[in-house]
Amino acid sequence: MKLYELKAIAQRLNDFTFISRARRVEDNTIELVFDKKESYFFNMTRGHSFVYKAPSQRPLQGYNAPFDTLLHTLLSASKLISVEVPGSDRVLRFTLAPKSSYKDKIIYLQLEFTGKNTNAILIDDNEMIIEALRHIDSESSFRVIRPGIELLAIPPFERTEESTKIEDIDSYLEEKYAQMQATKLSEMKKQKLSHIAKKKKKLTQLLDKLPDETSLEQQAQEYKAY
């Protein structure tokens with residue numbers, strides 16, 4: 001996603017006061033429901049991350065990894081203090097006060113839209129990682145992402161992208177959803193057509209192996225004479 005898109009999204013999300021539901025609805029997609037009425041979806045696929053807005057949907061399967069348990073426990077019914085884009089990083093950072101806490105407590109949900117390092121990370125008020133959608137070890141990156149490890153800052157990167165003003169961010173994100181659905185439908189059609197073409201080819205090959213009709217009739221007459 002572009003930096004100006006994330007800034008517009010952060011500005012819109014600051015209109016809400018709490019998160020009523022937080023869950024994973026697909027392998028790489030997180031749904032956040034704000035003020036019990038507005039659902040926003042954060043697709044954290046590496047190299048192809050984006051945000052869209054759509055009606056709430058029941059997941060096709062349940063997700064019960066430690067990240068999912070903590071996402072639900074810490075974010076559901078939590079107070080939304082702020083949403084910001086730190087510096088010039090392609091990051092959405094949610095500052096939250098969990099409802100389940102017996103005393104005042106602040107946590108952060110950091111959604112990083114950073115190419116191959118795209119991730120969703122839960123952080124405490126000491127910048128220590130609580131849990132993450134993807135764990136990253138020291139062999140893959142100097143920035144280790146594991147529970148109990150301090151979250152290092154993203155290396156600075158100078159961006160030259162043009163800034164564009166988005167008049168209606170909700171309509172913009174709903175259009176993202178429509179485009180995603182159209183792409184899925186197109187890919188599904190291609191898969192079905194490819195499957196049918198392969199099946200047709202196989203049946204044609206079987207038909208080609210069958211004896212000639214005229215030859216079969218001649219043989220039938222011969223056997224009849226016998």
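In what order do the 9 strands of the open sheet stand? The legends below take up this question first.

View 1. The order of the 9 strands is 4-3-2-1-5-6-7-8-9, and their pairing is antiparallel. Strand 4 (50-53) and strand 9 (129-132) stand at the edges with a single partner strand each, so one side of each has no neighbour in the sheet. On average, neighbouring strands of this sheet are turned by 30° against each other, with direction ignored. Strands are DSSP runs of E with at least two residues, helices are runs of H or I with at least four, and both are numbered from the N terminus; two strands pair if DSSP finds at least two bridges between them. This is a predicted model, in which local features need pLDDT of at least 70 and side-chain atom pairs count only at pLDDT 80 or more, while totals for chains, interfaces and linings use all residues. Residues are numbered from 1 along each chain as its sequence is written, and side-chain values use heavy atoms, with hydrogens and water left out.

**View 2. The pairing of strand 8 with strand 9.** Strand 8 (residues 119-124) pairs with strand 9 in the antiparallel sense over 3 bridges, and isoleucine 123 stands opposite isoleucine 129 in strand 9.

**View 3. Helix 2 and the residue that follows.** Phe67, Asp68, Leu71, Leu74 and Leu75 are the buried residues of helix 2, where buried means under 20% relative accessible area, exposed over 50% and partly exposed in between (1.4 Å probe, protein chains only). They cover an arc of only 150° around the axis, which puts them on the same side of helix 2; the arc is that of the directions from the helix axis to the C-beta atoms. Just after helix 2, alanine 77 takes a positive phi of about 65°.

**View 4. The surroundings of serine 76.** Serine 76 lies in the loop between helix 2 (66-75) and strand 5 (78-84), and with a relative accessible area of 13% this serine is buried. The side chain of serine 76 reaches the backbone oxygen of histidine 72 at 3.1 Å and the backbone nitrogen of alanine 22 at 3.5 Å. Not counting residues up to four places away in sequence, serine 76 touches Ile19, Ser20, Arg21, Ala22 and Leu71, contact meaning heavy atoms within 4.5 Å.

**View 5. Leucine 152 in its loop.** Leucine 152 is found in the loop between strand 9 and helix 3, and at 39% relative accessibility this leucine counts as partly exposed. Leaving aside neighbours within four places in sequence, leucine 152 is in contact with Phe142 and Arg143.

How values were computed:
A polar contact is a pair of N or O atoms within 3.5 Å; within protein, one must be able to donate a hydrogen and the other to accept it, and residues adjacent in sequence count only if both atoms are side-chain atoms. Axes are lines fitted to C-alpha atoms, for helices over the stretch in contact, and angles run from 0 to 180 degrees between N-to-C directions.
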